[in-house]
Amino acid sequence: SSGYADEWTWTIGCLDCTHPAALFSVVPDCQHATYQVAVNVTSTGSSGTVRIANTATPGDTLTGIPSGTTLVGPIPMDSVSHLTVMNADNGLCRVFSLAQNAAFADCVVPISDAQNFTYCYTNTDTSYFAYTCADDMPIAITFHSGQLLVNDYVQIYDSAGVNEDVLVFQGNLNGDMSGYSINSTNPQHALVMRVVSDSTYSCISGDATTSLNWTVECGYAGIE
């Protein structure tokens with residue numbers, strides 16, 4: 001005896017069905033730090049449709065799925081999901097995916113020469129922009145313009161990822177990001193910027209009249 005007290009549970013049933021068939025592929029969404037899994041059901045087996053379950057959202061099983069491609073997600077990047085495609089009439093006939101994942105590190109854009117970016121943010125926005133210097137130097141972000149409304153703000157992380165302990169800036173500078181500069185101090189020479197907004201009023205709605213505009217370059221902000 002191992003001392004464990006967990007009970008075992010199992011299901012017994014007749015395998016009176018034909019297994020479905022499916023192919024799985026990851027679709028990254030770097031801007032929102034999520035990914036979807038494209039499930040291409042090539043055969044529904046002995047039922048007209050299938051069910052699709054995934055471990056990332058275990059209570060959110062898709063039902064009535066026909067042959068063809070269905071996108072499952074969004075799922076946070078750097079979190080593993082496993083998907084199961086099941087016969088609609090008998091869940092014992094099923095096919096499993098391998099582990100699915102997308103790494104946020106693959107979304108970090110390497111910068112050599114200075115590059116300029118413009119973004120008009122939306123309602124209920126959570127958009128990520130990640131950069132690293134391709135040379136062994138710090139990376140710098142300098143804002144030239146950008147109106148942010150009340151409850152809308154920018155976050156800067158001194159890292160190639162998003163963790164609260166490396167959050168070095170959060171705010172909207174009284175609604176105008178013009179002139180704000182920051183450079184990395186981490187060994188990865190990386191910065192992650194996140195734009196966050198509430199559900200009402202934004203740049204895309206026309207209420208914030210100036211888009212966010214910034215330059216990313218290697219070196220220290222304001223130093224050639």
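The stops below go from the whole chain to single residues and then to a sheet and its aromatic rings.

**Whole chain**

Start with everything shown as a cartoon, and keep in mind that this is a predicted model. The protein has 16 strands and 0 helices. Its radius of gyration is 23 Å, well over the 17 Å that the globule rule gives for 224 residues, so the protein is more spread out than a compact globule.

Of the 224 residues, 43% count as buried. Among contacts with a separation of 6 or more, 72% are between residues 24 or more positions apart.

**Thr34 and strand β2**

Select residues 34–43, which make up strand β2, and pick out Thr34 in it. Is Thr34 buried or exposed? Its relative accessible area is 16%, and buried means under 20%, so Thr34 is buried. Leaving aside neighbours within four places in sequence, show what is in contact with Thr34: Pro28, Asp29, Pro74, Ile75, Pro76 and Met77.

**Val72 and strand β5**

Next, select strand β5, residues 68–76, and find Val72. Val72 is buried, with a relative accessible area of 4%. Which residues is Val72 in contact with, leaving aside its neighbours within four places in sequence? They are Tyr35, Gln36, Val37, Val39, Ile52, Asn54, Leu62 and Leu83. Draw a line from the C-alpha of Val72 to that of Thr61: the two are 9.8 Å apart in space and 11 residues apart in sequence.

**A five-stranded sheet**

Move on to an open sheet of 5 strands, and follow the order β8-β10-β15-β12-β13. The pairing in this sheet is mixed. Strands β8 (109–111) and β13 (167–171) stand at the edges; each has a single partner strand, so one side of each is left without a neighbour in the sheet. Neighbouring strands here are turned by 20° against each other on average, direction ignored.

Strands of a sheet pair through backbone hydrogen bonds, either parallel or antiparallel. For one case, select β10 (residues 126–133) and β15 (residues 190–196): they pair in the antiparallel sense over 7 bridges. Within this pairing, Thr132 stands opposite Ala190 in β15.

**Aromatic rings**

Finally, show the side chains of Phe, Tyr and Trp. Pairs of rings whose centres lie within 6.5 Å come to a count of 8. The rings of Phe104 and Tyr128 have centres 5.9 Å apart and planes at 70°, so this pair is edge-to-face. Phe104 sits in the loop between β7 (94–96) and β8, whereas Tyr128 is in strand β10; the pair links distant parts of the chain, 24 residues apart. Phe104 is buried, with a relative accessible area of 6%, and Tyr128 is buried too, at 14%.

Then select Phe129 and Trp214, an edge-to-face pair with 5.3 Å centre to centre and 70° between the planes. Phe129 is in strand β10 and Trp214 in strand β16 (residues 212–218), 85 residues apart. Both are buried.

For the last stop, select Phe117, Tyr119, Phe129, Tyr131, Phe143, Phe169, Tyr180 and Trp214 together: ring pairs link them into a cluster.

How values were computed: Residues are numbered from 1 along each chain as its sequence is written. This is a predicted model: local features need pLDDT of at least 70, side-chain atom pairs count only at pLDDT 80 or more; totals for chains, interfaces and linings use all residues. Side-chain values use heavy atoms; hydrogens and water are left out. Helices (H or I, at least four residues) and strands (E, at least two) are DSSP runs, numbered from the N terminus. The radius of gyration is taken over C-alpha atoms; the globule rule is 2.2 Å times the number of residues to the power 0.38. Buried means under 20% relative accessible area, exposed over 50%, partly exposed in between (1.4 Å probe, protein chains only). Contact means heavy atoms within 4.5 Å. Two strands pair if DSSP finds at least two bridges between them. Axes are lines fitted to C-alpha atoms, for helices over the stretch in contact, and angles run from 0 to 180 degrees between N-to-C directions. Rings of Phe, Tyr and Trp (its six-membered ring) pair if their centres lie within 6.5 Å; planes under 30 degrees apart count as stacked, over 60 as edge-to-face and the rest as tilted.
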